[in-house]
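The sequence and structure are placed below for reference.

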Amino acid sequence: MKDMAVTSDLLVDISQLQTRYARCIDADRIEEWPDFFTEDGFYSVTTAENRRAGLEAGLIWLDGIGMIRDRVTALRDANIYERHSYRHVLGQPYVLGESDGGDIEVETSFFVVRITRDGETDVFASGCYHDALRRVDGDLKLSKRIAVCDSSHIDTLLGLPL
Amino acid sequence: MKDVATGQNPLDGWEGGVNRVPYWVFSDEDVFRAEQQKLFRGKSWNYLCLEAEIPNPGDYVATFVGTTPVIVVRDFDGQIYSFENRCAHRGSLLALDDRGTTRDFTCVYHAWRHTLQGDLVGVAFEEGMYGTGGMAEGFCKSDHGPRKLRVAELYGLVFGSFDEDIDDIEEYLGDEITGRVKRVLDGRDCVVLGRFTQILPNNWKLYVENTKDSYHASILHLFFTTFELNKLSMKGGILVSPDGGSHVSYSAVDREAEQSKAYQEQQLRSQSDYQLADESLLENFKEFDDDITLQILSAFPNFVLQQIQNCIAVRQILPKGPDKTELKWTYVGFADDTDQQRRVRLKQSNLVGPAGYVSMEDGCIGGFVQRGIAGAEDKEAILEMGGTDFGNSGNRITEGSIRGFWSAYRERMET
């Protein structure tokens with residue numbers, strides 16, 4: 001990874017991407033969620049403990065846009081779970097630099113509460129997105145997003161993506 | 001009715017057979033307490049960890065037997081030992097990390113030191129200071145220490161029991177189920193791919209029932225059925241251990257079953273034309289000598305070994321309260337996996353765990369029951385699919401292995 005110039009314009013672009021992503025999920029528009037990724041995009045959810053130990057498996061482990069789209073189809077058409085929604089609260093994105101492949105490496109903290117059908121609001125997850133961003137036709141997309149949860153515990157189930 | 005203090009058995013009031021389960025067993029505080037004593041600390045083998053997690057002397061894992069904290073550790077003699085994670089002195093935890101490597105277990109409170117076999121060998125200021133003080137006369141370290149467990153190793157799995165006189169684990173599981181553990185793990189070095197903990201909002205026995213319930217699998221879980229991982233019309237069956245407590249449910253590829261009209265006629269919700277955009281999720285490699293694509297194995301009371309295609313995982317069920325359970329998933333690969341095989345396992349791990357396409361529903365269904373039975377403590381569940389007894393079956397539309405669990409459960413709880 002090499003250093004890169006972090007301009008205000010770049011930061012605004014990244015912030016807008018992160019916020020649009022959170023809005024998409026929180027507003028229950030997950031059909032649009034795959035559009036945040038590149039064709040070869042990778043998405044996983046893991047925990048800090050697994051990441052520290054160098055363990056590769058994820059709670060969710062999606063390699064490529066097809067698998068990412070399938071997650072949405074499964075949630076909408078196959079899986080059974082009680083209705084719930086999230087509210088993402090995001091920290092400021094921190095630009096680490098540019099990867100050898102030219103992607104922008106960014107870390108952003110997240111805090112997610114889950115609102116369940118019976119009206120309870122609970123802290124569901126906190127953690128950090130470890131992202132690689134790439135411009136596709138001028139727009140920033142995620143070529144990689146690893147959502148690393150601080151806690152090793154998942155309450156009941158992880159349905160909607162983080 | 002179920003008061004331990006009065007000497008009455010907590011299951012008094014369960015009049016019928018194992019084909020009817022009173023709902024109070026899932027919520028009663030006295031039942032929960034009695035389970036800890038009679039079942040988890042009694043005649044049972046509890047899963048502790050994988051041998052591969054403690055390969056070297058001093059490597060340890062801190063886990064639980066029921067709600068009792070225990071340490072499982074490899075000593076310098078190469079053997080695995082297990083004992084309570086409780087200082088001989090005033091009861092503090094000895095190990096404060098979930099896993100690690102150490103030369104001994106020295107309590108942080110007063111530095112009482114225990115060997116890797118759980119023997120108390122060091123008491124700080126035992127002889128006092130400047131010739132005064134020290135432990136009372138007659139205190140003998142070897143008279144004190146955390147309780148030790150008997151340890152059994154089975155094809156890379158480590159189990160522990162507080163009952164010295166319990167049957168050997170092979171006998172406890174029976175030949176058939178032992179053979180099915182062997183089928184998955186024999187002669188292979190496990191590699192941990194990931195660990196995740198799922199908090200279930202329900203009694204631990206509701207999750208155990210779910211893992212043994214071959215009847216629900218292709219009805220609740222659309223993913224299984226549609227992709228022919230687990231149709232009831234596939235070849236398969238269940239095996240139940242002699243005491244009923246442990247089981248295997250399995251299914252194998254049967255192309256003739258594809259022609260089966262049984263499913264369409266039932267008009268079940270799980271029959272659909274659901275398609276994957278990326279079918280590589282279900283690309284598997286030939287790993288076993290047979291055609292079995294799914295094998296769910298449970299060992300009484302709290303262990304599951306799962307093979308779903310090439311996705312191998314162990315699950316440890318830990319009760320935390322009458323309506324709270326921790327389910328600990330460990331995803332497993334093997335040392336001789338190729339990169340490609342490892343990737344297949346990582347992809348297929350999307351099927352299982354707290355976010356799994358197949359197991360997601362199992363995370364919430366126990367909670368649906370727990371909430372559904374509130375106020376219905378005097379009512380009972382019906383377990384009569386496939387009859388009223390338990391035993392092997394060539395048909396997976398049965399609740400036989402659940403009835404087996406209750407038989408083994410009552411045998412221990414009612415004595």
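Which residue in β2(A) is the bridge partner of A:Phe42? I looked this up and found A:Asp63. I note that this is a predicted model, in which local features need pLDDT of at least 70 and side-chain atom pairs count only at pLDDT 80 or more, while totals for chains, interfaces and linings use all residues. Residues are numbered from 1 along each chain as its sequence is written, chains are lettered from A and ligands numbered from 1 in the order in which they are written, and side-chain values use heavy atoms, with hydrogens and water left out.

**Entry 1: strand β1 of chain A**

I read helices (H or I, at least four residues) and strands (E, at least two) as DSSP runs numbered from the N terminus. Strands pair if DSSP finds at least two bridges between them. I found β1(A) joined by four bridges to strand β2 (residues 60-63) of chain A, and the two run antiparallel. With strand β7 (residues 139-149) of chain A, β1(A) pairs in the parallel sense over seven bridges. There I located A:Ile146 as the bridge partner of A:Ser44.

I then checked burial, where buried means under 20% relative accessible area, exposed over 50% and partly exposed in between (1.4 Å probe, protein chains only). Strand β1 (residues 37-47) of chain A is largely enclosed by the rest of the structure, because nine of its eleven residues are buried.

**Entry 2: aromatic rings**

I counted rings of Phe, Tyr and Trp (its six-membered ring) as a pair if their centres lie within 6.5 Å; planes under 30 degrees apart are stacked, over 60 edge-to-face and the rest tilted. The structure holds 25 aromatic pairs over all chains. One of them is A:Tyr21 with A:Tyr129, edge-to-face at 5.9 Å centre to centre, with 70° between the planes. This pair links distant parts of the chain, 108 residues apart: A:Tyr21 is in helix α1 (residues 8-26) and A:Tyr129 in strand β6 (residues 121-136), both of chain A. Both A:Tyr21 and A:Tyr129 are buried.

**Entry 3: B:Glu209**

I placed B:Glu209 in helix α4 (residues 204-211) of chain B. Contact means heavy atoms within 4.5 Å. Not counting residues up to four places away in sequence, B:Glu209 touches B:Val21, B:Phe26, B:Leu383, B:Ile402 and B:Trp406. Of these neighbours, I also found B:Phe26 and B:Trp406 in one aromatic cluster, which includes B:Trp14 and B:Tyr409.
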